[in-house]
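Subject: Structure for you to look at

Hello,

Here is the structure I promised to pass on. Please open it alongside this note. My findings follow below.

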Amino acid sequence: MNTDIWKKIKIAAYSFIAIICFGYIIDTLLYKFGFEQTDPKIYDNISAAFGGAIASIFFIKDGNKKFNIYLLIILIVLAIGVYFFVHN
């Protein structure tokens with residue numbers, strides 16, 4: 001297969017994980033400060049992440065940059081921190 005296709009799949013996987021983490025962070029903060037009554041779950045954000053990953057395959061033209069990976073790592077660390085902030 002062409003390496004360009006694998007780059008697009010990698011970008012889509014990164015955006016999938018980033019959207020799930022970002023959605024979980026927002027839902028958890030809304031729950032913590034009393035704007036939502038239901039406990040946040042990662043499963044609620046998966047449907048939105050599929051749409052964002054598919055959109056990133058078609059609309060992101062440039063390759064993966066270090067900034068995108070650093071942003072993904074920051075989002076994952078924030079999601080873990082927010083999880084322990086709410087549940088402990």
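One cut-off first: a residue counts as buried under 20% relative accessible area, as exposed over 50%, and as partly exposed in between. Ile17 has a relative accessible area of 36%, so this residue is partly exposed. Please keep in mind that this is a predicted model.

Now the overall layout. The chain has three helices and zero strands. Along the sequence the pattern reads α-α-α. The chain has 88 residues, and 24% of them count as buried. Take the contacts between residues at least 6 apart in sequence: 76% of these join residues at least 24 apart. The accessible surface is about 6,400 Å². Carbon and sulfur atoms account for 72% of that surface.

Next, the surface. Ile17 sits in helix α1, which covers residues 3-32. Ile17 is also part of a nonpolar surface patch with Ile76, Ile80, Tyr83 and Phe84. Together these residues have about 440 Å² of accessible area. Helix α3 (residues 66-87) gives the patch its largest share, four residues.

Then the inside. Which residues form the largest nonpolar core? There are nine: Ala18, Cys21, Tyr24, Ile25, Leu72, Leu75, Ala79, Val82 and Val86. The elements giving two or more residues to this core are α1 and α3. The largest share, five residues, comes from α3.

Best wishes

How values were computed:
Residues numbered from 1 in each chain as written. Predicted model: local features only at pLDDT ≥ 70, side-chain atom pairs only at ≥ 80, totals over all residues. Heavy atoms only, no water. Buried < 20%, exposed > 50% of the residue type's maximum accessible area, 1.4 Å probe, protein only. Contact = heavy atoms within 4.5 Å. Areas by Shrake-Rupley, 256 points an atom, 1.4 Å probe, with all protein chains shown as cover. Patch = residues over 30% accessible without salt bridge, like charges linked within 9 Å, V, L, I, M, F, W, Y side chains within 5 Å. Salt bridge = Lys/Arg side-chain N within 4 Å of Asp/Glu carboxyl O. Core = buried A, V, L, I, M, F, W, Y, C linked by side-chain atoms within 4.5 Å.
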